[in-house]
Amino acid sequence: MSPEPTPAGTPAPPRRRMTTGQRLLFLLVGWLIVLMPFLFWWNTWFGRRLTDQQLQEYLHDDKKPRHIQHALVQLGDRMANHDADAARWYPDLARLSTYRVEEVRNTDAWVMGQDATSKPASEAGFHQTLLKMLNDPSVLVRGNAALSLVRFGDPVGRPQIVALLMPAAITAPQSGKIVDTSSAGTPIHQNGVVAKLQDAGQTLEVRSPIGGRLLNLDAHTGQTVAAGDPIASVAPASEQAWEALRALYLVGQSPDLPAVQPYERDLPDIPDHVRQQAVLTEKAIRQRASTH
């Protein structure tokens, strides 16, 4: 039965108002909703300035590799700004070149390239450490080591730089059935899932070693693959390609041109700054070749 309407002229019953305690609780919840994302961002943003004590602690925080990365980025900024005090941590940079986490080694290789001329960098063995990193299992670590070596005037990592321009071939780590895949053209982060492989009731995620764009799929959902079979290829991210092209501008040789020229094409997937750098890089390579 529906409630009877309030007779005309009868005042409506007063609305129930929040108590002071309820208002305070409401404000507190709203404040936390705003604050928590900020705190998460503040604690994970690598640009947040660290004190010397925090930097020292972060460099040795094996429980939180992102803390190590944060400290490395801070050191890289100090080195780029010619902060002589950063040299006290140079032995830590050499130590981290073999760290178990790929992202740490990758950042470390980049940071060592920020100081290629000082005596402390020489004493810490940056050049020799980077040469060893050319044999790292990760294509990105090898590439960053090679890019940093260019700052030392050493072109020995040129093949690793050229590899940064090439699509990454992803193969099946074991036999099994493909139960899910990403779509061609999808942006992929480094270590992003490209496909899922199932065998004996166990599901294994097949991940990309680089960030970029899923270029094509060689295996599809429902297909059975053997270990080593091709699954997909990932085109490198534009910034990765740009850094490689900048390095080859300085050290590239004629055999590198087939890797450079595809980036000169006027395609939506190639940003203007990458295309322009590719054109400049080819010109520099040809000029060097003509003088030898």
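Sheet and pockets of a predicted model

Modeller: The chain averages a pLDDT of 87, and 84% of the residues score at least 70; pLDDT is the predictor's confidence in each residue, from 0 to 100. This is a predicted model, in which local features need pLDDT of at least 70 and side-chain atom pairs count only at pLDDT 80 or more, while totals for chains, interfaces and linings use all residues. Residues are numbered from 1 along each chain as its sequence is written, and side-chain values use heavy atoms, with hydrogens and water left out.

Colleague: Over which residues does pLDDT stay under 50?

Modeller: Over residues 34-44, for which the model has four contacts beyond four places in sequence. Contact means heavy atoms within 4.5 Å.

Colleague: What makes β2 and β4 a pair?

Modeller: Two strands pair if DSSP finds at least two bridges between them. Between β2 and strand β4 (residues 193-199) there are four bridges, in the antiparallel sense, so the pair meets the definition. One of the bridges joins Thr181 to Ala195 in β4. Strands here are DSSP runs of E with at least two residues, and helices are runs of H or I with at least four, numbered from the N terminus.

Colleague: How do you know that β2 and β7 pair?

Modeller: Strand β2 (residues 176-181) has two bridges to β7, antiparallel, and at least two are needed. Gly176 has Val225 of β7 as its bridge partner.

Colleague: What joins β4 and β5?

Modeller: Six bridges in the antiparallel sense. Lys196 stands opposite Glu205 in β5, and Leu197 has Leu204 of β5 as its bridge partner. The two strands form a hairpin with two residues between them, and Ala200 in the turn has a positive phi of about 55 degrees.

Colleague: Why are β5 and β7 said to stand at the edges?

Modeller: The open sheet of four strands has the order β5-β4-β2-β7, with antiparallel pairing. β5 (202-207) and β7 (224-225) each have a single partner strand, so one side of each is left without a neighbour in the sheet.

Colleague: What makes a space a pocket?

Modeller: On a 1 Å grid over the protein atoms alone, a pocket is an open set of points with protein on both sides within 12 Å along at least five of seven lines, whereas in a cavity a 1.4 Å probe fits but cannot get out; lining residues have an atom within 4 Å of a point. The largest pocket has a volume of about 680 Å³. Its lining has 22 residues, and Trp110, Asn144, Leu147, Glu239 and Glu243 are the closest to its centre. Two or more lining residues come from each of α5 (102-112), α8 (139-151) and α10 (238-251), and α10 gives the most, with seven.

Colleague: How many residues of the second largest pocket's lining are nonpolar?

Modeller: The count is 15 nonpolar, with two polar and three charged. Ala, Val, Leu, Ile, Met, Phe, Trp, Tyr, Cys and Pro count as nonpolar, Asp, Glu, Lys and Arg as charged, and the others, Gly among them, as polar. In the largest pocket the lining divides into nine nonpolar, nine polar and four charged.

Notes:
Grid points are joined across faces, edges and corners, and a volume is the space filled by probe spheres set on the points.
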